[in-house]
Amino acid sequence: MPNERLQATIKAPTGYIHAFFTAIDIPSGSELRIYKGEDTLQLIGLYNGTYKPMDVYGKSFTIVYDPKSSVGTAPGFSGIVQPVPMEEIIEKATLPESDCIGAIPLCSNLTVNTSANQYENTGNVNDDNGSCYSGTGSGGSVWYSFSPQTNGNLDFMINPTGSTDYDFVLWDITNGCANKTQLSCNYSATQGATGLNSSGSSNSQDASGTTNNSLVSVQTTKVYALCINYYGGTNAGFTLNFHNIASTVNIVDNTPPTITNAYSANCAASTSFTVNFSEYIDCNTLQASDFVLPGYTVSFITTNCVNGKTNSVVIGVSPSMPPGNYSMTVGNMNDLCGNPLNQVYPINTLVTPTANAGPDKVACSTVGFFGIINYGSVTLTGSGGASYVWSTGQTGASISVSPSSNTTYTLTAISGNCSSTDQVNVTVSPSPTPNLGPDQTICSGFPITLTATGGGTYQWQSTTSTFFGSPTGWANISGATGASYTGSPTGTIYYQVNVTNAQGCTGSDYIKVTIGSGVFGITAPPFVCQGSPVTLTLPGSMTAYTWNVAGTPVGTANTALTVSPTTTTTYTAVSTTVGCTGSASVTVPVHPLGTLSTNANPTSACPGVPVNLTSTAPLETYVSQTENFESTNSFTLVNGTYNKWYNGTAAFANGSKGLYVGTAAGNNNYEIGSFISNRAATNFAYKDYTVTSYCSPTISFNWRNNGQSGQAELTVWAVPTSFAPVAGTAITASASNILLGGPYFGSTPYSNVSLSLAAFSGQSVRIVFQWRNTGYSFIGGPTVANPAACIDDIVFTDNTTYSYSWISSPAGFTASTINATASPTAATTYTMTATRCDGCPMASSIAVTDCNPLPVDISVFKGKNVSEEENLLYWVTESERENDLFLLERSTDMINWVKVEAVTGNGTTSEQHQYQVEDHQFKHGMNYYKLIQKDSDGHLTEFETIISIDNRLKFKKIAARTNLLGQIVSENQKGLVILIYEDGTSERVMLED
């Protein structure tokens, strides 16, 4: 095969497939990667000359050959793909012997035989591991336990029945499975017999090693366990033989079984007990009469027998047992090696525990060094009892679990022989996998912005230290806790981000930034309002540069450029700075402004006469254009030979029609080609659209596409209206060809997405939906996949909104409507500002003149009762014009007025003057006062302000105050108030300051 990159997807037409490799020989340095499914998201196997590829079993998988930096040629690789009958794909129950704690005891050197596909999972406990073990492979393990008859060397051989690769690990489990010690392991990639024999030279063989390990020294005082794991091939079964060499030890099991614990879940009235044994019991020797409780009848509720053995039974007891102490005699049953169980077991049901499995936890999964998913472990800790049993079969208060999916674990807490249960949920959460992209070279001091995703929290770090080429000594960057970080390094540096998701799982990535003659850019805003100033800047380390527009110099050399463009303009900076030469350009979009005028009617301010303020401010607009493909299709379709765009009824999100990719108009499928029959396609559906809004224009649509990343994707582009898509040629991103959204893939249900068109405000743009499929099957002819891309319910939204504001000078009047009404009392200027939702303002002002300026400017007019004989009235003028005198008048009903006193004015003056009058003739009750001003020509001007002084307060006691509706008001209420006196009388009064 040529030494070039290959990506192929193998998919079962129906049901499942089983694939395994028969030969592999690839150049040194290259990699063969195997992914689950039809994309490259979940790596399940890798081969690079050291680690072997496992068998693949499922509905589909993807193979990627990556030559990397390897050179030369090699024969390549070959394999077999075969269908799996449906009756063989039913998931088999987890067998106890797939975990260490359920290990099958070996009684002697008799040959152990297993059948095809007898063990197809790795049990409930993550214990198939070790310092050199490569993993669980295709996932079928079985454990055996034994002890030697004498001290000496141990040998055994595992002989596969068919073409199967079996691996093994030998453990010392004397201190229990939770504290086991690895003695020997082998996961050689070579198929065939494997084990311990005299030809072995090591206790550790990896994929490149031999199938034989050296003999292991064992002792009679210890217990050992052998885990045999099916890694790849046909899983046809094996035979296991011990003592193949005359000088090695024999194995034996002569230890009788015992009851490890027995407990009832209802000790107030026990009717059943769970009884656990120290090892498997032969179900042929098990019967209810083996359990004797004097005074009670014992029966089996369940024996839990699987393949003729059990290590736990549930017995029923009748009648119910009250709390107390009892003795249960158990006998006449044997373990699998014929050792009898005879035991008198005490039962105490006086103590009731309260189980507590602890808080729910999260186990974080990560992608391992070779791309294999590692499922993190968490420690579960229970309390509330004297001993504990977990639903995994493990015992002890604390256990370690590594689930591959969300799992609920049940804790049984035992005190005496009473139990209670509690559950804890462990959620498996993938750790974030941030990708900062390839290493970069930039100019010294130039800002670089790095962005990460997938987290609830972020912490950026940096370092300049390395150890053998790898960064070390990371230090947190103060305040750098957002999804993006911008730095301006002056020397080579490494940046790292630690991303922690909402579940508390953390992932990281780092990037090397080298200082050199890299690319520089111009800092500019995304747009500018017409006529508004904008400043364009370069990094501070750039010291020698000039500016130009289409070759015409602008601005000052070596200085930031401040301009006020009236139309969209492209500015170019040419740098001659040492170490950072070249040019960069930036286009500053200009958002144009409309026109705005204002008017006032009347144009003069007269007291009591309202002024109507009007404007020509633009109104808000709400534009929406929908394409649901029901009656017409306004999109232009550009199709090649295969996997074309259609408008029809084969796929849609709503209604009865949509726009979709299919092998024909009547389906929403696409073909995956093969090596000899290519079905690659790059096809388009596009529509021209003019974006009128300068605010938040969008395009939204419903989509689905069950294709895979890099092989069958839907993308959305914005290109110039002059760009003509060509079938078979993918769009390349550039300054004018903008990727709006995608790639979209891997979804059978419809999803809705909204994309911004703000970058194209005021422009006509071509919106292009691109379908592209490039993958092909590893073997066989073209295959059909579904569904391909479908889009529906496309909505262009072009809304433009404004905020409106009137203000006055002098200040005091505001309004937030297009038109408003003011009540000026003097000359005033009113300004209307209409601010578009992009922040661009339009403004216009109108002046209102004083229709008849008052001859006197009175700033204060007040009065008060100072004694039973005197009311004091006083006022202040700020200016006077030809003022002859003031007439102060009094009234008790604001209808009939009498003169109090005439006060001589100050003629014409711009200085402040104060006046006061003492009134000794006021009436008992309410007294009202007003001022009349007389000009030197005899013209009288009556001022609007009327003040009141309550002279009845000293003569009648007020019981209550109400308004005209009879509602009680406070004593500070101003205006028209009804006073109700204690003598039953009342009167209406006008209360003023």
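Colleague: Over how many bridges does strand 12 pair with strand 15?

Modeller: In this predicted model, strand 15 covers residues 194-196 and runs antiparallel to strand 12.

Colleague: Which residue of strand 20 is the bridge partner of Ile 158?

Modeller: Strand 20 spans residues 238-242 and pairs with strand 12 in the antiparallel sense, over five bridges. Within strand 20, the partner of Ile 158 is Leu 240.

Colleague: How many of the five residues of strand 12 are buried?

Modeller: Strand 12 comprises residues 156-160. A residue is called buried if its relative accessible area is under 20%. The strand is largely enclosed by the rest of the structure, because the number of its residues that are buried is four.

Colleague: Is Ser 575 buried or exposed?

Modeller: Ser 575 belongs to strand 50, which runs over residues 569-577. Its contacts beyond four places in sequence include Phe 520, Met 542 and Tyr 545. The relative accessibility of Ser 575 is 3%, so the residue counts as buried.

Colleague: Which residue's backbone nitrogen does the side chain of Ser 575 reach?

Modeller: The distance concerned is 3.1 Å. A pair of N or O atoms must lie within 3.5 Å to be taken as a polar contact. The backbone nitrogen reached by the side chain of Ser 575 is that of Thr 577.

Colleague: How many residues are in the largest nonpolar core?

Modeller: The members that touch the most others include Trp 460, Tyr 495, Phe 520 and Trp 547. Trp 547 has contacts with Ile 522, Leu 536 and Leu 538, among others, not counting residues up to four places away in sequence. The number of residues in this largest core is 36.

Colleague: What is the omega of the cis peptide bond between Asn 601 and Pro 602?

Modeller: Pro 602 is placed in the loop between strand 53 (598-601) and strand 54 (604-605). A cis peptide bond also joins Ser 318 and Pro 319, and Pro 319 lies in strand 26. For the bond joining Asn 601 and Pro 602, omega is about -5°.

Colleague: Is Asp 793, with its positive phi, buried or exposed?

Modeller: Phi of Asp 793 is near 55°, a positive value in a residue other than glycine. The residue is part of strand 68, residues 790-797. With a relative accessibility of 17%, Asp 793 counts as buried.

Colleague: What is the relative accessibility of Glu 882?

Modeller: Glu 882 lies in strand 75, residues 870-891. Its phi is positive as well, near 50°. Glu 882 counts as partly exposed, because its relative accessibility is 44%.

Colleague: How far apart in space are Ile 26 and Tyr 65, C-alpha to C-alpha?

Modeller: Ile 26 sits in the loop between strand 2 (16-25) and strand 3 (31-36). It is buried, with a relative accessible area of 12%. In sequence, Ile 26 and Tyr 65 are separated by 39 residues; in space, their C-alpha atoms are separated by 9.3 Å.

Colleague: What percentage of the 993 residues in the protein chain is buried?

Modeller: The chain has 83 strands and zero helices. Among contacts with a separation of 6 or more, 67% join residues 24 or more positions apart. The buried share of the chain is 45%.

Colleague: Over which residues does pLDDT stay under 50?

Modeller: The mean pLDDT of the protein chain is 85, and 88% of its residues reach 70 or more. Where pLDDT is low, the predicted coordinates should not be read in detail. That caution concerns a stretch for which the model has nine contacts beyond four places in sequence, residues 86-93.

Key
Residues numbered from 1 in each chain as written. Predicted model: local features only at pLDDT ≥ 70, side-chain atom pairs only at ≥ 80, totals over all residues. Heavy atoms only, no water. Helix = DSSP H or I, 4+ residues; strand = E, 2+ residues; numbered from the N terminus. Buried < 20%, exposed > 50% of the residue type's maximum accessible area, 1.4 Å probe, protein only. Polar contact = N/O pair within 3.5 Å; in protein donor to acceptor, adjacent residues only side chain to side chain. Contact = heavy atoms within 4.5 Å. Core = buried A, V, L, I, M, F, W, Y, C linked by side-chain atoms within 4.5 Å. pLDDT = per-residue confidence, 0-100. Pairing = 2+ DSSP bridges.
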